[in-house]
Amino acid sequence: MSVMNNAPTPAKETQPWYRRSKPRRNIIIIVSTLLVLTLLYSFVPTYTARYIVAKQLDKFGLEHSGVETLKINPWTMEVWIGPVQFWSGDIEHGQLGEVGLKLNLLPVFQKHAMVESVLVRGIDIYVARAEDNTITLNGIPLNQFFPAEDTTRAEQADDESTPWGTGLGAFELQNSRLIFKEKTGGTLTVQLDSLMLNEFISWTPDQPGAFQLKGRVNDIELDWSGQARPFAEQITVTANAVTRQAELPKIIEFTGPLGQNPMERQSGVYNSEFQHEFTLFKSGRLEGKTVGQLEVIGADDDQDEKFLLSVERA
């Protein structure tokens, strides 16, 4: 004989609607907070940097345009700016075409400041030295950027602290011009097609960095390359220097007349290929050697019969 239990099954307890929506609301709050933080991290550095740069330029009394091109990408650690112009008064404007750099923050924990790469294009700068030896950049006195030395500051910081190391992975300067006007009236025009520096790292002082320069100085062609150890105990530089189309008038354009009397005749082309090796010792002694060749073509120089050089080819 079986007994059937017809008691009703208790109904499943249901949560109130406000309890059911609480997890969803928490997710929405978390996602919204992360979104706001992401936007702040993405855009605040750019606008903060623009404000600081513009504020500093205004502080120095410089007129400027193009600061709004500054962009910082904190996700890739890249900074870009350009084109930018800056000037003071009616002096011709200086120009910075484009600058980009990429940072590496990982070595920071070892007190190493590492810039992975820097690219600079289209610099156009005018530098002049006055009779009192003050130097101006596009009419802007450079001494205002360097505060007077604080004599009350201790000569040295804590000797036990480890100094920061600096490193540059790659630097490239392209299509830039520097015009330097000397107080004597001479002009030096440097036109750089490219300047490259690679692997200059202070915490590996015995590992050489490489450099390469191609350009013109007063239309004298330069093609120099080599290696340097600027952080080593004994600083060394080795360079292959090729110079083309050097002419006396191009040199005199900067130095002024060679001697008291002007040259009556000045012609000829000078080309050279040299290999230089220099070492600067800790004591300050400099030692080096240079080997190579100098080619002279069609030289005909005469200075008041005190100096005479006439060479067809040598």
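Contact here means heavy atoms within 4.5 Å. With that in place, I turn to the structure above, which is a predicted model.

I begin with Val 120. Leaving aside residues up to four places away in sequence, Val 120 touches Leu 96, Glu 98 and Val 99, and also Phe 171, Glu 172, Leu 173 and Gln 174. Val 120, together with Phe 171 and Leu 173, has the most contacts inside the largest nonpolar core, which has 20 residues. At least two residues of this core come from each of strands E6 (112-129), E9 (165-181), E10 (187-201), E12 (220-229) and E15 (286-303). There is also a second, separate core of 10 residues; among them are Ala 54, Leu 57, Leu 137 and Ile 140.

Let me now consider the pairing of strand E6. With strand E5, residues 94-104, E6 pairs in the antiparallel sense over nine bridges, and Val 115 in E6 stands opposite Leu 103. With E9, the pairing of E6 is parallel and extends over 14 bridges; here Val 115 has Leu 168 as its bridge partner. Strand E7, residues 135-137, runs antiparallel to E6 and is joined to it by three bridges, with Leu 137 in E7 opposite Val 127. E6 and E7 form a hairpin with five residues between them, and in the turn Asn 133 has a positive phi of about 70 degrees.

Finally, helix H3. Just after the helix, Gly 256 adopts a positive phi of about 85 degrees.

Key. Residues are numbered from 1 along each chain as its sequence is written. This is a predicted model: local features need pLDDT of at least 70, side-chain atom pairs count only at pLDDT 80 or more; totals for chains, interfaces and linings use all residues. Side-chain values use heavy atoms; hydrogens and water are left out. A nonpolar core is a set of buried Ala, Val, Leu, Ile, Met, Phe, Trp, Tyr and Cys residues joined through side-chain atoms within 4.5 Å. Buried means under 20% relative accessible area, exposed over 50%, partly exposed in between (1.4 Å probe, protein chains only). Helices (H or I, at least four residues) and strands (E, at least two) are DSSP runs, numbered from the N terminus. Two strands pair if DSSP finds at least two bridges between them.
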